[in-house]
Amino acid sequence: MKFKVLVLTMYCGESEFKKCCLEVKKQKNVIIKHKIIKNKEELEAHQTLCNYWNKNRSKYDYLI
């Protein structure tokens with residue numbers, strides 16, 4: 001059985017974003033959903049992240 005993992009990434013122009021996405025895609029032996037929260041102010045981005053997790057956490061084994 002593969003674990004289901006939710007990867008939540010906040011993005012607002014960081015230079016490491018492309019490498020982050022590549023590293024997420026390279027993962028093996030897990031089922032990954034990569035949700036990207038883009039171009040939001042810090043508070044709104046964190047609220048969006050928390051709201052998404054709270055609505056979807058029953059679908060996943062882990063959050064990153």
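Of the 64 residues in this chain, 23% count as buried. Keep in mind that what you're looking at is a predicted model. Its C-alpha atoms fill a box of roughly 40 × 25 × 10 Å along the principal axes, and the accessible surface comes to about 5,200 Å², with 52% of that belonging to carbon and sulfur atoms.

Now trace the chain. You'll pass through two helices and three strands, and from the N terminus on they run β-α-β-α-β. Take the contacts between residues at least 6 apart in sequence: 76% of them join residues at least 24 apart.

Is Trp-53 buried or exposed? With a relative accessible area of 18%, Trp-53 is buried, because the cut-off for buried is under 20%. Leaving aside residues up to four places away in sequence, Trp-53 touches Leu-6, Leu-8, Tyr-60 and Leu-63. Leu-6 is 47 residues away from Trp-53 in sequence, yet their C-alpha atoms are 8.5 Å apart in space.

For a contrast, go to Met-1, in the segment before strand S1 (3–11). Met-1 is exposed, at 91% relative accessible area. Together with Phe-3 and Tyr-62, Met-1 makes a nonpolar surface patch of about 420 Å².

On to the charges. The chain carries 14 positive and 7 negative side chains, and the centres of these two sets lie 12 Å apart. Side chains of opposite charge can pair when their charged atoms come close. A search of the whole structure turns up three salt bridges.

One of them links the side chains of Lys-19 and Glu-23, at 3.2 Å from N to O. Why are these two about one helical turn apart? Because they are four residues apart in helix H1 (residues 17–25). Lys-19 is exposed at 53% relative accessible area, while Glu-23 counts as partly exposed at 31%. Glu-23 also forms a salt bridge with Lys-26, where the closest N and O atoms are again 3.2 Å apart. Lys-26 is exposed, with a relative accessible area of 52%.

The side chains of Lys-40 and Glu-44 meet in another salt bridge, at 3.5 Å from N to O. Both residues are partly exposed: Lys-40 has 30% relative accessibility, and Glu-44 has a relative accessible area of 40%. Back at the other pairs, shared partners join Lys-19, Glu-23 and Lys-26 into one network.

Conventions. Residues numbered from 1 in each chain as written. Predicted model: local features only at pLDDT ≥ 70, side-chain atom pairs only at ≥ 80, totals over all residues. Heavy atoms only, no water. Buried < 20%, exposed > 50% of the residue type's maximum accessible area, 1.4 Å probe, protein only. Contact = heavy atoms within 4.5 Å. Areas by Shrake-Rupley, 256 points an atom, 1.4 Å probe, with all protein chains shown as cover. Lys, Arg positive; Asp, Glu negative; His and termini not counted. Charge placed at Lys NZ, Arg CZ, Asp CG, Glu CD. Patch = residues over 30% accessible without salt bridge, like charges linked within 9 Å, V, L, I, M, F, W, Y side chains within 5 Å. Salt bridge = Lys/Arg side-chain N within 4 Å of Asp/Glu carboxyl O.
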